[in-house]
Amino acid sequence: MSDGIEVEQIVESKPKRMPVATSLDKDAIREAYEDVRSDLTDTEWAVFKFDGAQIIVHGRGQCFEQFREQFGDSERAFGYIRIQMGDEMSKRKKFIFLTWIGQEVGVIQRAKMSTDKALIKDVLNNFAVELQAGVEAELDIELFREALNRAGGANYGTGIRDN
């Protein structure tokens, strides 16, 4: 400005990033949910993950070990799993709803999980136990069974195992 030249001050402003609302692939999620619940299929679990701002069906299967492999340290996800419970006198299928928040998930994404969970629970609405996990050690079939036993009340077995 000493030369008589006015310098136009340029203020660069970035557009504010508004959080994108989460949506669901409801038809596919409902189909996977009903597949797990059905006595006519062998499907024991379904996993739902984020594809951008949409929750989609990520996978389905029959083996608990495969279920465990679906969750990573940097991922947010939901799981729905059928576990056979009971004793030699009565067998029944129980369902668990799992919320997974891996250890490397950031604070904002962690905070969004409560509202995102409410969305998916509108579809996955029938389960005996709801669990939250964030480390692989928490994905243990015996921990899941213990949670179901605590929620299920009395067990009237004879003590004889039918292996």
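Biologist: What makes 34% of the 163 residues count as buried?

Modeller: This is a predicted model, and 34% of its 163 residues count as buried. They are called buried because each has under 20% relative accessible area.

Biologist: How do you know that S2 and S3 pair, and in which sense?

Modeller: Strand S2, residues 45-51, and S3 share seven bridges in the antiparallel sense. Pairing takes at least two bridges, so S2 and S3 count as paired. In S3, valine 57 is the bridge partner of phenylalanine 48.

Biologist: What lies between the strands of that hairpin?

Modeller: Two residues lie between S2 and S3, and glycine 52 in this hairpin takes a positive phi near 70°.

Biologist: Why is S1 called a strand, and why is S1 said to pair with S3?

Modeller: S1 covers residues 23-24, and a strand needs at least two residues, so S1 qualifies. S1 and S3, residues 54-61, pair in the parallel sense over two bridges. The requirement is at least two bridges, so this pair counts too. Leucine 24 stands opposite isoleucine 55 in S3.

Biologist: How many helices and strands are there, and in what pattern do they follow along the sequence?

Modeller: The protein has four helices and six strands. Along the sequence the pattern is β-α-β-β-α-β-β-α-β-α.

Biologist: What share of the contacts joins residues at least 24 apart?

Modeller: Among contacts between residues at least 6 apart in sequence, 63% join residues at least 24 apart. Each counts as a contact because heavy atoms lie within 4.5 Å.

Biologist: What makes up the accessible surface?

Modeller: Carbon and sulfur atoms account for 47% of about 10700 Å².

Notes: Residues are numbered from 1 along each chain as its sequence is written. This is a predicted model: local features need pLDDT of at least 70, side-chain atom pairs count only at pLDDT 80 or more; totals for chains, interfaces and linings use all residues. Side-chain values use heavy atoms; hydrogens and water are left out. Buried means under 20% relative accessible area, exposed over 50%, partly exposed in between (1.4 Å probe, protein chains only). Accessible areas come from the Shrake-Rupley method with a 1.4 Å probe; for residues, only the protein chains shown count as cover.
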